[in-house]
Amino acid sequence: MVSLTIDGVKVEAPDNSTVLDAARKANIDIPTLCFLKGVNAIGACRICLVEVKNNPALQAACVLPVAEGMEVFTKSEKVLKARKVSLDLLLSNHDRECLTCVRNKNCELQTLADEFNIRNIKYEGEKIYKDIDDQSVSVVRNPNKCVLCKRCIAACEKIQTVGVIGSTNRGFKTMVEPVWGKSLVDVPCINCGQCIVSCPVGALSEKSEIDNVWAALHNPNMHVVVQPAPAVRVAIGEEFGMPMGTRVTGKLAAALRRMGFDKVFDTDFGADLTIMEEGYEFINRVKNGGKLPMITSCSPGWIKFAEYFFPDMLDNLSSCKSPHQMLGAIIKSYYAQENGIDPAKIFTVSVMPCTAKKYEKDRAGEDAAGYPDVDAVLTTREMAQMIKEAGIDFVNLPDEDFDPVLGTSTGAGVIFGATGGVMEAALRTVAEVLTGEELKSIDFCDVRGIAGIKEAEIMVGDMPVKVAVASGTGNARKLLEAVRSGEKEYHFIEIMACPGGCVNGGGQPIVSARVKNVLDPRVVRAQGLYDEDCDKPLRKSHENPDIQKLYNDFLGEPNSHKAHELLHTFYEAKPKYKEQ
């Protein structure tokens, strides 16, 4: 341990830590902008400057190692002036249309400008307008709002190992963009949106579908159906000032109904349906010598990553559609048939924690009834915006239930939103189906938690089943390379594109770097899902009575011909770069 003094406070810190680490341990606030905990520490923005005794130059605290006897000053006149100049220079070349910015009131640059009492711009200078890249169906890139913090680069390269954006040019002309000036749609972007949740400003955002959904809701000839994903119910409350991880399942159903949706169903039903199809697919592969390990297919960012970087392993992927696409297909087939509604007049809206779902709905093979399974995908953030536009007092809404039949779900469906949740839900069903015996415990805690890669061996009767779980495509890459080389062998693998799973998806409420130093959204939101799972009267997908009814009345049995027509899809290798 190293002893140092920060603003007169004696602090003990590990010898491999930085001054910023030490200050935070002592509850001393040093403002940052380019710093992202555990990912990015480059000292570029100069907002975290501090003064060190006997050192004439100010230092960036995020990259300054602690030293024995060091005396640090974080609020000296010299420090405060230098930080303010750095902020003034950032603002001088920034698109300051704050009122119409997607990050208004949730922008780290805006917050700093307020805290630093910036009331005018001292250094108005030359500005270069750069074209907005909005060709992707998921992510919009506005370089005019970019502050060159490079947090998005770090997330894309270091966490996701996709690396489709980087710094180009030099000096005043520096930009963060894809290689060769290409659009995001022309490079192997997986649409995960981790760049968006890493960005401190409005330089990156989802491509909005709000206007399309309002148009459908206001069209008297359309029957508009909505379904929110599991992870949405433990996150959307944050957009209305509620504590992180608050479960608002009942309020969400009530809000959607008040917005005018004709039916409010639940993607959790689609998750239970996914377990039936995916679980039986795994059982069939085990019994009949099919391709192993079988890998889950619920995360479209992961699927696209596999098509780009692991095309030789596409046969390992489950052929199941993701839960919201399955439910969309059932809405436009079974539900339409049962209620005498022309599927051409049904407009399905998915509320997702994920920006890649916007890409997924347009994939080939996602139109089982002859129409798109899903017509529009809204992120959690977009849905919160629509609720605000509608003038709904979300916090004070009474709790309401989802509509039957496609709104009934089990605890297994709920935990899909957390990394390891799909694996645990599948094991609850697979173990009982294979053995014909009821499990003594259905909590498979070995696959829970936010570790990037988790491994477990589960005894299913007399058969040891080796499983692995990875979240974040960087971790997926490590895991699959070990499988590809023969170093590791598994029966079943779950992969989610976003670190921590869907609770930390690219469409979730954006949490500032400052808050993430105190609360980890991956942990807090996931706990809300596990709590809801425990409170459910039914916790195994195969026990959902409406799932049973769907098979008895319509699908026949899991993996039947009809089920394959409606609920399964295909994958194909993709070239990494498109020709221009």
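I started at Glu432 in this predicted model: Glu432 is buried, at a relative accessible area of 10%.

I looked for its partner. The side chain of Glu432 meets that of Lys540 in a salt bridge, 2.8 Å from N to O. This pair links distant parts of the chain. Glu432 sits in helix α14, while Lys540 lies in the loop between α17 (521-535) and α18 (545-555), 108 residues apart. I checked Lys540 too: Lys540 is buried, with a relative accessible area of 5%.

Next I stayed with α14. Which side chain does Glu424 meet in a salt bridge? I found Arg448, again at 2.8 Å, N to O. Is Glu424 buried or exposed? Glu424 is buried, with 0% relative accessible area. Arg448 has 21% relative accessibility and counts as partly exposed, because the buried class stops under 20%.

Then I turned to Asp520. Asp520 forms a salt bridge with Arg522, and their closest N and O atoms are 2.7 Å apart. I looked up both accessibilities. Asp520 is partly exposed at 24%. Arg522 is partly exposed at 23%.

I also noted a network. Salt bridges link Arg233, Arg247, Asp266, Asp268, Glu532 and Asp535.

Last, I took the total. How many salt bridges does the count come to? I have 44 salt bridges in my notes.

Key: Residues numbered from 1 in each chain as written. Predicted model: local features only at pLDDT ≥ 70, side-chain atom pairs only at ≥ 80, totals over all residues. Heavy atoms only, no water. Salt bridge = Lys/Arg side-chain N within 4 Å of Asp/Glu carboxyl O. Buried < 20%, exposed > 50% of the residue type's maximum accessible area, 1.4 Å probe, protein only. Helix = DSSP H or I, 4+ residues; strand = E, 2+ residues; numbered from the N terminus.
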